[in-house]
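Me: I have a new structure open and would like a quick tour. Can we go through it together?
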Amino acid sequence: GVTWAPLSGVRLGALGSWLQTRDVEAERPLSGRPPVRIDTTLGLGAPDAPVGCSIRGGWQSASPVFVDADGDGVDEIRQSPDAVILDGRIAWRPSRSFEVFAGVDNALDTGDIELNPMRPRRVFAGVNSRIARKRSGT
């Protein structure tokens, strides 16, 4: 992958994968594994800034899916559609030890229960806190 920071507080990233998977016993590609996947990221906010945002976008190519749909013991080949995935997160850090965040995974609710199972859209929010103990000198 490649990352680039063209401006202070801006981070761009890209990653590509080319998968050549194979079921050696069945002599065919692995079912449901996309042969190509591309991921991109955009991060906004300097590490010490109180507000930060990140967005991830991904694309995966169509893939073969082998299913015995009629129960005759012979798998039929189907093609899953290609998929676009979009995730986002925003965070507010009023101090080094406290953060409030919210986001969404799979914002487009991409996926197909039979041909391309993926985690459905998930909206989340939370709080992170760090508690530091004072160390005594010895």
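Me: What volume does the largest pocket have?
Reply: About 280 Å³. The model is predicted: local features need pLDDT of at least 70, side-chain atom pairs count only at pLDDT 80 or more, and totals for chains, interfaces and linings use all residues. Residues are numbered from 1 along each chain as its sequence is written, and side-chain values use heavy atoms, with hydrogens and water left out.

Me: What counts as a pocket?
Reply: The search uses a 1 Å grid over the protein atoms alone. A pocket is an open set of points where a 1.4 Å probe fits, with protein on both sides within 12 Å along at least five of seven lines. Grid points are joined across faces, edges and corners, and the volume is the space filled by probe spheres set on the points.

Me: Which residues lie nearest the centre of the largest pocket?
Reply: Arg93, Ser95, Arg96, Ser97 and Arg130. The lining has 13 residues in total, each with an atom within 4 Å of a point.

Me: Which elements give two or more residues to that lining?
Reply: β7, β8 and β9 do. The largest share, three residues, comes from β7. Strands are DSSP runs (E, at least two residues), numbered from the N terminus.

Me: Switching topic. How many salt bridges are there?
Reply: Eight. The rule asks for a side-chain nitrogen of Lys or Arg within 4 Å of a carboxyl oxygen of Asp or Glu.

Me: What does Arg56 pair with?
Reply: With Asp39, at 2.6 Å from N to O. Arg56 is in strand β4 (residues 51-60) and Asp39 in strand β3 (residues 36-44), so the bridge ties together parts 17 residues apart in sequence.

Me: Is Asp39 buried or exposed?
Reply: Asp39 is buried, at 14% relative accessibility. Arg56 is partly exposed, at 23%. Buried means under 20% relative accessible area, exposed over 50%, and partly exposed in between (1.4 Å probe, protein chains only).

Me: Now rings. How many aromatic pairs turn up?
Reply: One, in a search of the whole structure. Phe101 and Phe124 form a tilted pair, 6.2 Å centre to centre with 55° between the planes. Phe101 is in strand β8 and Phe124 in strand β9, 23 residues apart. Both are buried.

Me: What makes a pair tilted?
Reply: Rings of Phe, Tyr and Trp (its six-membered ring) pair if their centres lie within 6.5 Å. Planes under 30 degrees apart are stacked, over 60 edge-to-face, and the rest tilted.

Me: Last one. Where is Ser63?
Reply: In strand β5 (residues 63-67). Ser63 is buried, with a relative accessible area of 2%.

Me: What is Ser63 in contact with?
Reply: Leaving aside neighbours within four places in sequence, Ser63 is in contact with Gly32, Arg33, Pro34, Pro35, Arg78, Gln79 and Ser80. Contact means heavy atoms within 4.5 Å.

Terms used: Helices (H or I, at least four residues) and strands (E, at least two) are DSSP runs, numbered from the N terminus.
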